[in-house]
Amino acid sequence: YQRRVHGKQWYQRRVHGKQWYQRRVHGKQWYQRRVHGKQWYQRRVHGKQWYQRRVHGHRILRVPVSHLRQYHKPSCPKTLRPGPRKVLKPRAKPLRERPPPPPRLDAMPRAAARKASTSSTRNVCMTLRQDEWDAVETFKRDLELRKIHAVTDIASMRFVLGRKLNVKRAVDTFFNYVQLLRRWEATRTSDSMVQEELRKGLVHIGGLDRTGKRVIAIQAHKISPDREKQGIYLKAIVMALDAAVSDLETMREGITVMFDMNGFQWSNFSSEMFKMYMETLQHCYPARVKAIILIDSPWWIKGMLKVVRPFMKKKHKERIVMMKSGSPEFKVVCSHEELPGCFRLPVGSPRAADEASHVWTKIEGMRSTNFTYQVEQPSPKKAPPPEPAEAAPEGGGASES
């Protein structure tokens, strides 16, 4: 009744208070200036040095900022106080020193130069077909028109080849990918946190299956439903997928994703998490996911899939498969040598730990590689063989007309 009679603004001010209403109406900056004062606001917005120069003048900034307090002490002698005619000398060194230039290889010892040259950037040039090259160039031109210039060549090839040279779908996938990372704050997570999760064996990269697709395994029981960690898990999976989809054949043929559901319990499950990973693999990540295989899934996962399957597309229904690790179908999918380490190595063995750390090594190798592309040159056509000369007519004379 009060909100209807007096209005929405009166009601908000009555319920939340005058300060909340002022901050909502006039904004955070107006409220800070009103509460803390003009000087506090100027120092917060423009910085400490700007404020000191505004208050004390430009001469006092010629001395270090750390020594400004001594001019306000009453015990300081008059000779140290800034006078009207005294000019202070500038500092010999700047406040912020520039970082030293990178060492030159020719000025270093032989062992150090060899180490620096091996850790430098590696250049890899991929050869694309003419239609693929045209699609990648159109994709980059479309993003440049939208003022997006930070997309690398390898990312452009992933998005275009992952969407079968359909540039419109590739652009839509790119924006879905960016929105997904921002929504789960994956861009704010540090690499050390991602490296820790990968060393625990969250993602494993295997070889090729029977159809020539790269096999990637995700251990579902190592994923926690805690929302604060979802950004870390998402970034770890995306970085591992980038390392796996870094060659031209995998971009063209696609990948097979295996979820190791052994040990997965109800406490690890979250509907929001399940939706995020399915959305990532189907609509947000630029890779041709040809199959999603759930290995040793519990009975309640099967029941949930029976409920969800009627609302899925036909191609997505065919790609999600459940099987046991010891079944004949599982052996048909991939050979034992090409399986990821979580399926062919015992849990807790040193080789399994090395296999888990190998994923981060691949990520670092991909980061230190400069990927470029070029168009495939058409092979020169061979000249046709000369035709055999016709035999001369008998008699040696001219042929009859």
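Helices, in what follows, are DSSP runs of H or I with at least four residues, numbered from the N terminus. On that basis, Trp40 belongs to helix α5. The model under discussion is predicted.

I shall begin with this tryptophan and its surroundings. Trp40 has a relative accessible area of 32%. Buried would require under 20% and exposed over 50%, so Trp40 is classed as partly exposed. Eleven residues along the chain from Trp40 lies Tyr51, and the C-alpha atoms of the two are 9.2 Å apart.

Next, the packing of α5. Two packed helices are described by the angle between their axes and by the distance between those axes. For helix α4, residues 28-36, and helix α5, residues 38-46, the axes come within 6 Å and cross at roughly 130 degrees. The pair is therefore oblique. Which residues make the contact? From α4 they are Gln29, Gln32, Arg33 and His36; from α5 they are Lys38, Trp40, Tyr41 and Arg44. Sorted by class, this contact of α4 with α5 comprises two nonpolar, three polar and three charged residues.

After α11 comes Gly201, with a positive phi near 95 degrees.

Methods:
Residues are numbered from 1 along each chain as its sequence is written. This is a predicted model: local features need pLDDT of at least 70, side-chain atom pairs count only at pLDDT 80 or more; totals for chains, interfaces and linings use all residues. Side-chain values use heavy atoms; hydrogens and water are left out. Axes are lines fitted to C-alpha atoms, for helices over the stretch in contact, and angles run from 0 to 180 degrees between N-to-C directions. Helices (H or I, at least four residues) and strands (E, at least two) are DSSP runs, numbered from the N terminus. Angles under 35 degrees count as roughly parallel, over 145 as roughly antiparallel, 65 to 115 as roughly perpendicular and the rest as oblique. Contact means heavy atoms within 4.5 Å. Ala, Val, Leu, Ile, Met, Phe, Trp, Tyr, Cys and Pro count as nonpolar, Asp, Glu, Lys and Arg as charged, and the others, Gly among them, as polar. Buried means under 20% relative accessible area, exposed over 50%, partly exposed in between (1.4 Å probe, protein chains only).
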